[in-house]
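This report describes a protein chain in plain terms. Look at the sequence and the structure below, then read on.

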Amino acid sequence: MGMTYIEAVMVLCPAAAGGRTTAVEPREGSYRPFVRNAGRLVRVRVIEGPPRLAPGDAARVVLESESLLDADSDLPLIETRAELDHIVGSVTILRVWRGAIAV
């Protein structure tokens, strides 16, 4: 199975609400949160977005995962709204696709 990509709006909770205390840099590809969805945790990697996303900010991002699609169907197991692990933020899914080609 190829990679699964997700275009989403990510909102990071402010530190005062239990969110992160430091910003993330989506373009580096080093922010790898778990997304809780339908009772399971899915590891994603943020691969595109603004240069910096600080606690309290929202931005459109692209997430990458290998485990979001059911092997028996093309239906995504991730819902349109999911929470990041430990509720440090949320993602609202805009689009899901597989097997993008690098150009």
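Trp97 counts as partly exposed because its relative accessibility is 23%; buried means under 20% relative accessible area, exposed over 50%, and partly exposed in between (1.4 Å probe, protein chains only). The model is predicted: local features need pLDDT of at least 70, side-chain atom pairs count only at pLDDT 80 or more, and totals for chains, interfaces and linings use all residues. Residues are numbered from 1 along each chain as its sequence is written, and side-chain values use heavy atoms, with hydrogens and water left out.

Trp97 is found in strand 7. Strands (E, at least two residues) and helices (H or I, at least four) are DSSP runs, numbered from the N terminus. Apart from neighbours within four places in sequence, Trp97 is in contact (heavy atoms within 4.5 Å) with Met3, Thr4, Tyr5, Ile6, Glu7 and Val62. Between Trp97 and Glu64, the C-alpha to C-alpha distance is 9.9 Å, and the two are 33 residues apart in sequence.

## The aromatic pair

How many aromatic pairs does a search of the whole structure find? It finds one. Rings of Phe, Tyr and Trp (its six-membered ring) pair if their centres lie within 6.5 Å; planes under 30 degrees apart count as stacked, over 60 as edge-to-face and the rest as tilted. The ring centres of Tyr5 and Trp97 are 6.1 Å apart and their planes stand at 25°, so this pair is stacked. Because Tyr5 lies in strand 1 (residues 4-12) and Trp97 in strand 7 (residues 89-98), the pair ties together parts that are 92 residues apart in sequence. Tyr5 counts as buried, at 13% relative accessibility.

## Charges over rings

A charge sits over a ring if NZ of Lys or CZ of Arg is within 6 Å of the ring centre and within 35 degrees of the ring normal. The charged end of Arg95 sits over the ring of Trp97, 4.3 Å from the centre. Arg43 lies over the face of Phe34, and here the distance to the ring centre is 4.1 Å.

## Strands 2 and 3

Two strands pair if DSSP finds at least two bridges between them. Strand 2 (residues 34-37) pairs with strand 3 (residues 40-43) in the antiparallel sense, over four bridges. Val35 stands opposite Val42 in strand 3. The hairpin of these strands has two residues between them, and Ala38 takes a positive phi near 50° there.

## The whole chain

The protein chain has seven strands and zero helices. Of its 103 residues, 37% count as buried.
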